[in-house]
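Subject: Structure for you to look at

Hello,

Here is the structure I promised to pass on. Please open it next to this message and follow along as you read.

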Amino acid sequence: MKYGYYPGCSLEKNARAYHVSTMAVAEPLGIEFVEVEDWNCCGATEMMAIEKIPAFALISRNLALAAKQNGSTNLVAPCSACYLNLKKADHYLAEDKGLRAKVDTALEAGGLSYQPGTINVQHLLETIAVDIGYDAVEERVVKPLYSLRVAPYYGCLVPRPATMQSFDDPEHPTSLDKILQRLGATVIDYPLKAQCCGGHMTQISEDTALELIRRLLKNAADCEADMIATLCPMCQLNLDAYQDAVNAHFGTDYQIPIVYFTQLMGLAFGIPAKELGFGKEFVSAQPALDKITEEAPKPVRTRGRGKQKAELPMPTQLEER
Amino acid sequence: MTEKQNSPAGQEKVGVYICHCGSNIAGTINVDEVSEWIKGNPNVEVSRNYEFMCSSTGQELIENDIKEKGLTRVVVASCSPHMHEKTFREATERGGLNPFLFEMANIREHDSWATNNKEAATAKAKALVNAAVERVVHHKPLEKIPVDIDPKTMVVGGGIAGITAALELAEAGHHVYLVEREGTIGGHMAQIDKTFPTLDCSACILTPKMVDVGQNENITLLSYSEVESVDGYIGNFNITVRKKARCVDEELCTSCGICEEKCPQKVVDNNYGAGLSYRKAIYRAFPQAVPGYPVLDKENCTYFQTGKCKVCEKVCPTNAINYEQEDQLLNFNVGNIILATGYDLFDARKIPQYGYGRLPNVFSSLEFERMVNASGPTGGHILLRDGETEPKTIAIVHCVGSRDQNHNEYCSKVCCMYSLKFAHLVHEHLPEAEVYNYYIDMRTPGKGYEEFYHRLLKEGTHFIRGRVAEITDADRKPGEEGKLIVQSENTLLGVQQRNPVDMVILSAGIEARHDSEKVSKLFKMGCDYDGFFNERHPKLAPVSTMTDGIFIAGACQGPKDIPDTVAQGGAAASQVAKLISQGTVMMEPVRASIREDECSGCRICNNLCPYNAIEYDEEKKVSHVVTALCQGCGTCVAACPSGVIDGAHFTNTQILAELEGILWDMPTEMTVMEEV
């Protein structure tokens with residue numbers, strides 16, 4: 001299946017591992033990515049806060065380019081901020097005629113135009129979970145990630161806002177959990193899975209950012225996670241690069257590797273770690289990866305279920321949504 | 001406007017009356033203009049407008065005009081025929097005309113209430129009034145059809161609403177079939193520990209009523225049964241009920257309970273036990289069950305699943321176990337039906353951030369009801385999911401799934417009160433424990449309810465005004481370890497709060513039964529957007545439905561507490577008793593008839609009739625309508641290829657005249673097209 005591909009600035013540099021691993025898993029999953037030619041920065045989170053019209057124009061230029069380019073009407077963004085910005089622009093251009101007129105003027109100056117709704121913006125997680133499907137992912141697995149305890153971390157942008165028809169529950173998403181389960185990993189019920197990593201707070205108010213990062217690391221450690229799997233370059237950077245700072249600030253000693261979910265998919269698909277960008281992370285993933293066993297671990301009873309006689313039965317989980 | 005009447009000028013003398021309905025109609029529609037304009041229709045003898053046509057003065061206008069001006073037809077343009085068609089038909093009759101020589105134009109619900117555009121509303125009112133005039137000219141005098149009321153009644157649902165309705169009727173001497181889906185009657189009230197605000201023991205006030213039902217000779221109790229089909233109409237319903245096989249011979253069973261005791265298969269009781277306790281594969285929901293015969297749950301029975309076991313058969317002293325028992329289809333007639341099918345509790349798992357189903361010490365309100373009940377799994381002790389630890393701090397979260405645009409927008413009406421009751425029960429059972437009630441608004445309207453709230457304030461319950469955002473086990477600060485942290489806004493203090501507690505109770509709201517839409521179709525009546533059954537009128541006919549002879553009571557109509565439910569059960573029973581004592585009701589003479597000499601005998605109509613009201617005469621080779629069965633739906637009228645079936649009061653001439661009347665200002669070409 002053919003998809004437009006919008007890597008965004010991060011995937012060119014600090015999130016190179018995300019880009020490399022995305023490309024590596026695309027082929028076995030039957031995805032053909034066609035990169036948008038001459039794309040520009042999405043404006044990240046700052047631009048929108050400073051001046052709305054140029055911010056929307058900047059984002060819309062990418063939508064216009066993607067629409068012009070022959071190929072697919074689906075546009076995949078692996079970066080959560082890029083995804084949200086592109087999706088938001090498409091949504092508000094359709095809703096706000098005044099905004100659209102101004103953005104149109106800006107696009108015209110560059111010889112471009114964009115009709116809202118033409119492009120279906122997807123996050124990479126949505127492409128894999130919804131379009132490709134969990135069964136197809138499982139079929140590609142040749143080296144299951146047995147015994148690896150992974151905390152699935154979605155961050156705050158991808159499942160929200162719900163008004164834009166999110167593909168997953170905005171408060172308690174489960175699509176990444178399911179993908180990782182199909183890879184054979186032991187997925188922990190990570191309570192903070194949809195909470196904020198601090199974003200660019202590291203630049204504005206470091207104390208705030210470090211506290212937010214600490215919570216995520218502490219909770220993952222409490223859940224005895226071997227690593228955190230993420231789907232956002234910002235989350236990866238904050239949790240990985242600032243882990244030392246957190247340890248210094250709070251007197252803790254967290255050593256939790258933060259990897260992209262596509263890297264774990266690649267490993268399970270039998271692709272060598274080197275070709276998946278492993279080794280670029282600050283906190284090395286190697287000790288965690290060494291824990292992977294060839295045999296499936298014995299099933300552990302989920303918490304709270306029939307250990308002692310007196311125990312009351314738990315309500316069953318809701319069916320797959 | 002006069003050029004296009006299809007009825008000859010001066011054929012009939014029509015009186016037209018435009019109602020102002022205060023400002024409901026006159027505020028939007030120029031009533032003077034409409035009544036003046038319709039005088040241009042050559043059949044109109046009198047045209048007036050009046051403030052309230054439904055008042056006695058308004059009705060007298062009609063009566064006097066018929067007598068004095070010799071009117072032969074009457075049109076009133078006012079509200080929906082559901083409101084006042086009967087009123088004006090009677091006025092027409094009092095004036096000396098057949099009541100069916102009247103026609104009503106709805107210019108309120110269909111016009112003035114639907115728009116603020118006065119010009120457009122006035123134009124539409126003209127079209128509607130003109131249509132009514134054109135139609136009424138073709139009306140024929142008709143006589144109402146008397147229908148006898150079968151004095152037997154079916155009550156569907158054996159909760160407190162159905163029990164009340166069944167007992168009221170049975171005690172008045174009428175026979176009742178009480179149909180209950182589960183193995184026992186009792187419904188949700190049987191699960192509850194105490195009732196607010198008086199704190200009566202729920203079982204103590206319910207079980208005597210259940211016993212009365214079981215012993216009343218006028219009640220045929222069909223438990224573990226479901227209604228399969230409903231045919232017929234008011235006074236003459238034909239019902240088929242599926243009596244599911246409980247694999248227990250009711251003639252032989254003595255309700256000794258030994259089968260239940262010896263059954264080796266334990267399953268979680270998700271129904272009566274709210275998922276907090278276990279039952280056996282052959283079971284009675286609770287010891288006071290009515291009827292007392294157990295039900296064998298085939299899905300969980302070892303014998304049915306593996307072919308081995310049969311312990312219950314071996315231990316039964318009267319050989320009452322019958323694995324071969326099959327479902328029975330029972331057929332009977334009733335005159336009226338009362339639906340009292342109750343509610344489902346909102347499934348708190350739909351709000352994943354509250355952790356129900358993931359975090360062991362988050363409980364649903366029904367789970368807590370069972371736990372605090374002396375007959376429940378913990379013998380009435382309030383304990384954490386481990387079954388041994390007493391909680392020291394408990395949070396009670398109001399409005400779970402209610403007053404929430406993501407789930408149910410409405411208020412479930414009972415949750416504030418039962419949450420207060422929970423807080424009281426905690427104080428009673430665990431005097432040292434701290435209780436935090438998270439509420440949006442405290443809603444306590446009812447006799448003694450507000451006083452109960454004040455009592456709880458004095459008992460030391462902490463009240464936090466704010467919707468809970470999240471319940472998590474992810475501790476962040478010292479003191480939070482191992483606790484459930486309730487994150488919420490406190491809108492009175494204007495702060496965000498994190499409150500570590502041992503136990504959380506989710507006060508889930510009331511929802512329509514998951515299959516209410518299916519049930520409403522089975523009974524050919526309506527349900528609203530939320531799935532609750534529609535009453536005929538929200539104020540004045542709260543237990544009647546749009547279908548004559550079918551009544552509703554209790555939470556199937558909307559969230560309700562026990563007093564309101566009981567009141568509705570009684571009200572529905574009195575509606576039915578009224579019809580039974582009338583003995584006969586007059587039905588609309590809207591019936592189909594076949595002109596037999598023109599019928600080709602093709603029999604197309606025979607199978608189309610949903611009421612099986614058309615018979616085929618083998619000798620004459622023609623079809624004819626059994627008037628008593630016909631409901632006037634019109635299906636056969638539309639389907640007849642020879643066009644020889646007439647629907648009384650809905651003849652082709654009447655409908656086409658009405659259409660021409662409404663399209664009076666259409667260009668001529670349109671009329672030509674219709675002729676093609």
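Where the two chains meet, 19 residues of chain B are in contact with 20 residues of chain A; two residues are in contact if their C-beta atoms, placed from the backbone, lie within 7 Å. On the side of chain B that touches chain A there are 7 nonpolar, 5 polar and 7 charged residues. In this scheme Ala, Val, Leu, Ile, Met, Phe, Trp, Tyr, Cys and Pro are nonpolar, Asp, Glu, Lys and Arg are charged, and the others, Gly among them, are polar.

A word on the source: this is a predicted model, in which local features need pLDDT of at least 70 and side-chain atom pairs count only at pLDDT 80 or more, while totals for chains, interfaces and linings use all residues. Residues are numbered from 1 along each chain as its sequence is written, and chains are lettered from A and ligands numbered from 1 in the order in which they are written.

Chain A

Chain A has 15 helices and 8 strands. Helices (H or I, at least four residues) and strands (E, at least two) are DSSP runs, numbered from the N terminus. The C-alpha trace of chain A spans about 70 × 45 × 45 Å along its principal axes. Its radius of gyration is 20 Å, which agrees with the value near 20 Å for a compact globule of 321 residues; the radius is taken over C-alpha atoms, and the globule rule is 2.2 Å times the number of residues to the power 0.38.

Of the 321 residues in chain A, 47% are buried. A residue is buried if 20 or more other C-beta atoms lie within 10 Å of its own, exposed if 12 or fewer, and partly exposed in between, with C-beta atoms placed from the backbone. Counting contacts in chain A between residues at least 6 apart in sequence, 80% join residues at least 24 apart.

One helix pair in chain A is worth a look. Helix 7 (residues 124-132) and helix 9 (residues 175-182) of chain A pack at an angle of about 65 degrees, and their axes are 10 Å apart. The axes are lines fitted to C-alpha atoms, for helices over the stretch in contact, and angles run from 0 to 180 degrees between N-to-C directions. A:L125, A:I128 and A:A129 of helix 7 make the contact with A:S175, A:L176, A:K178 and A:I179 of helix 9. By class, these residues are 5 nonpolar, 1 polar and 1 charged.

In helix 11 (residues 206-222) of chain A you will find A:E206. A:E206 counts as partly exposed because it has 14 C-beta neighbours inside 10 Å. Its C-alpha atom is separated by 15 Å from that of A:L216, 10 residues apart along the chain.

Chain B

Chain B has 19 helices and 34 strands. Its C-alpha atoms fill a box of roughly 90 × 70 × 45 Å, taken along the principal axes. Of its 676 residues, 46% count as buried. Among the contacts in chain B with a separation of 6 or more, 70% are between residues 24 or more positions apart.

The largest nonpolar core has 132 residues, and B:A166 and B:V504 touch the most other members. A nonpolar core is a set of buried Ala, Val, Leu, Ile, Met, Phe, Trp, Tyr and Cys residues joined through C-beta atoms within 7 Å. Helix 12 (residues 415-429) of chain B gives the most to this core, with 9 residues. Leaving aside neighbours within four places in sequence, the contacts of B:V504 include B:F363, B:V397 and B:L484. A second, separate core of 94 residues includes A:L148, A:I256, A:M265 and A:V283.

Some backbone details

The peptide bond from B:F196 to B:P197 is cis, with omega near -10 degrees. B:P197 lies in the loop between strand 8 (194-195) and strand 9 (200-201) of chain B. B:L199 is in the loop between strand 8 and strand 9 of chain B, and it has a positive phi of about 60 degrees although it is not a glycine. Another cis peptide bond joins B:V290 and B:P291, with omega about 0 degrees.

B:K413, a residue other than glycine, has a positive phi near 75 degrees. B:K413 is in the loop between strand 21 (393-400) and helix 12 of chain B. With 19 other C-beta atoms within 10 Å, B:K413 is partly exposed.

Regards
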